[in-house]
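The following questions and answers examine a single protein model. Please consider the sequence and the structure together before reading on.

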Amino acid sequence: MAAGLPTEGTNAGHPRAGDVARRDVPTCGPDEDIAEVRERVSAAGWDACVVVNEGRVVFGLLRADELGKDGDGPVAAMMRPAPSTFRPHVPIAEMAHYMTDHDLAASPITTSDGRLVGLLGVDDAARVAHEQHGRHTTGEGQE
């Protein structure tokens, strides 16, 4: 589960961070020019970019604040280094609660060796957690 691989058994139907994280999040390298990255990320409709190396290990994060600043230069000079990351197996309700409590708009989801799985937005986490809670209180999805 920590590697983000499919699971089986009684807990397999419960959504987890890796299930909800957006895998199509833009990525960039630390040596790329921030102006080019800003343009590419904006054109893709995103307000965040995960900074990774060649092996997709997370180095940093560019959020709307960093992407909104004028200027150019290497991404490494503007990124938030070593962002908090979470594993794919964390239950989505736990993620929604943590992200809300810590005012996190989005968090990278990584494998235990730091490789990017995707970016989890707090709105997506809260929506899925709410949907899951509704199924459990109404008895839907129970055998």
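Q: In which loop is the place of aspartate 103?
A: This is a predicted model, in which local features need pLDDT of at least 70, side-chain atom pairs count only at pLDDT 80 or more, and totals for chains, interfaces and linings use all residues. Residues are numbered from 1 along each chain as its sequence is written, and side-chain values use heavy atoms, with hydrogens and water left out. Helices (H or I, at least four residues) and strands (E, at least two) are DSSP runs, numbered from the N terminus. Aspartate 103 lies in the loop between α4 and β5.

Q: Is aspartate 103 buried or exposed?
A: Buried means under 20% relative accessible area, exposed over 50%, and partly exposed in between (1.4 Å probe, protein chains only). The relative accessibility of aspartate 103 is 72%, and therefore aspartate 103 counts as exposed.

Q: Which residues does leucine 104 contact, leaving aside its neighbours within four places in sequence?
A: Leucine 104 is also placed in the loop between α4 (92-101) and β5. Its C-alpha atom is separated by 9.9 Å from that of leucine 120, 16 residues apart along the chain. With contact taken as heavy atoms within 4.5 Å, the partners of leucine 104 are Arg63, Tyr98, Met99 and Val122.

Q: Within what arc do the buried residues of α4 fall?
A: The buried residues in α4 are Ile92, Met95, Ala96 and Met99. They line one face of the helix because, seen down its axis, they fall within a limited arc (that of the directions from the helix axis to the C-beta atoms). Glu94, His97 and Asp101 are exposed on the other side of α4. The arc of the buried residues is 100 degrees.

Q: Why are the buried residues of α2 on the same side of that helix?
A: In α2 (residues 34-43), the buried residues are Ile34, Val37, Arg38 and Val41. An α-helix has 3.6 residues a turn, so residues three or four places apart point the same way.

Q: Which exposed residues are on the face of α2 turned away from its buried side?
A: The buried residues of α2 are covered by elements including β1 (27-28), β2 (49-52), β3 (58-62) and α3 (64-67). The face turned away from that buried side carries exposed residues, namely Glu36, Glu39 and Ala43.

Q: Which residue follows α2 with a positive phi?
A: At the start of α2, a side-chain oxygen of aspartate 33 comes within 3.1 Å of the backbone nitrogen of alanine 35. After the helix comes a residue with a positive phi, near 85 degrees. That residue is glycine 45.

Q: What is the relative accessible area of valine 50?
A: Valine 50 belongs to strand β2. Its C-alpha atom is 6.2 Å from that of leucine 62, 12 residues apart along the chain. Not counting residues up to four places away in sequence, valine 50 touches several residues, including Val25, Cys28, Val58 and Leu116. Valine 50 is buried, and its relative accessible area is 0%.

Q: With which side chain does the side chain of threonine 110 make a polar contact?
A: Threonine 110 is in strand β5 (residues 106-110). This residue is buried, with a relative accessible area of 1%. At 3.5 Å, its side chain makes a polar contact (a pair of N or O atoms within 3.5 Å; within protein, one must be able to donate a hydrogen and the other to accept it, and residues adjacent in sequence count only if both atoms are side-chain atoms). The partner is the side chain of threonine 85.

Q: What percentage of the 143 residues is buried?
A: The protein contains 5 helices and 6 strands. Along the sequence, their pattern is α-β-α-β-β-α-β-α-β-β-α. Buried residues make up 40%.
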